[in-house]
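Open the model in your viewer and keep the selection tool ready. We will go stop by stop.

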Amino acid sequence: KTVGPVRCTMAPSAGYSFHPQAYAKAVLHVCKHSSSSVLGLFLGHADGKVIKVVETIPLFHTHALGPMLKIACMLAEEHCKSADASLEIVGIYHATPSGSTEMTPVKAIADKIAANFASASVWSLDASKLPDKHFAFKGMGRVKDEWKAVGSDLVSLNSEVLSETSRLIGEMRFLDVVDFDDHLADGNKSWLNETLFAGDKLEKIRAD
């Protein structure tokens, strides 16, 4: 089932398919730090004209300083090489305490990601969509050196994931999410969150 933000003219032609755990982890990361500016990475690969987002790397809930961001991206790239050679950084997600979905605060970061992956995208969380179990990200895709809104017909996510993500929020599972900031404070905490959904129903839902 296709869900997502409102269609806009001159939208990117590429489609975006979200793995259930990648979507849920990003949403939970933002929910854990709802009073902070949050930033994370989407990892995936291009499959024809579809960008498949298969993994999420939660990064920061504090100010994303340049040096720390560079280190985090380098480590994420190393993870891609070791986990799956086809994986790369395909986009970022972010949220602000004000609830604004403008990409201005992260545009410089997005431009750097796009320099390495031409079809990069930026996803801003619209928390107002969560109570109604709607796809909660507003997307912007790179088109000829400009950022254009991603249409709802270009976003693919198994609809069951929306209900399960809502359940996880209700169970306060967002408290279990570890981001790069947390890892820097305590090296024993894994920012890859390998066991975040272990044994959960979400783990069994297939990507569209």
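Buried means under 20% relative accessible area, exposed means over 50%, and partly exposed lies in between (1.4 Å probe, protein chains only). This is a predicted model, in which local features need pLDDT of at least 70 and side-chain atom pairs count only at pLDDT 80 or more, while totals for chains, interfaces and linings use all residues. Residues are numbered from 1 along each chain as its sequence is written, and side-chain values use heavy atoms, with hydrogens and water left out.

**Stop 1: the whole chain.** Show everything as a cartoon. The chain holds 5 helices and 8 strands. These are DSSP runs numbered from the N terminus: helices are H or I with at least four residues, strands are E with at least two. The radius of gyration (taken over C-alpha atoms) is 15 Å, close to the 17 Å of the globule rule (2.2 Å times the number of residues to the power 0.38). So the chain is as compact as a globular protein of 208 residues. Of those residues, 50% count as buried.

**Stop 2: the sheet.** Select the strands. In what order do they stand in the sheet? The order is β7-β6-β5-β4-β2-β3-β1-β8, in an open sheet with mixed pairing. Two strands pair if DSSP finds at least two bridges between them. Now pick β7 (146-149) and β8 (155-156). Each stands at an edge with a single partner strand, so one side of each has no neighbour in the sheet. β6 (residues 137-143) pairs with β7 in the antiparallel sense over 4 bridges. Click Met 140: its bridge partner in β7 is Ala 149.

**Stop 3: the core.** A nonpolar core is a set of buried Ala, Val, Leu, Ile, Met, Phe, Trp, Tyr and Cys residues joined through side-chain atoms within 4.5 Å. The largest one has 65 residues. Among those with the most contacts inside it are Phe 18, Leu 59 and Trp 123. Helix α1 gives the most to this core, with 8 residues. Zoom in on Leu 59. Its contacts (heavy atoms within 4.5 Å) beyond four places in sequence include His 29, Leu 41, Phe 180 and Trp 191.

**Stop 4: Arg 167.** Select helix α4 (residues 159-170), where Arg 167 lies. Is Arg 167 buried, exposed or partly exposed? Its relative accessibility is 25%, so Arg 167 counts as partly exposed. Show its side chain. It makes a polar contact with the side chain of Glu 164 (2.7 Å). A polar contact is a pair of N or O atoms within 3.5 Å; within protein, one must be able to donate a hydrogen and the other to accept it, and residues adjacent in sequence count only if both atoms are side-chain atoms. Arg 167 also touches Asp 200, Lys 201 and Leu 202, not counting residues up to four places away in sequence.
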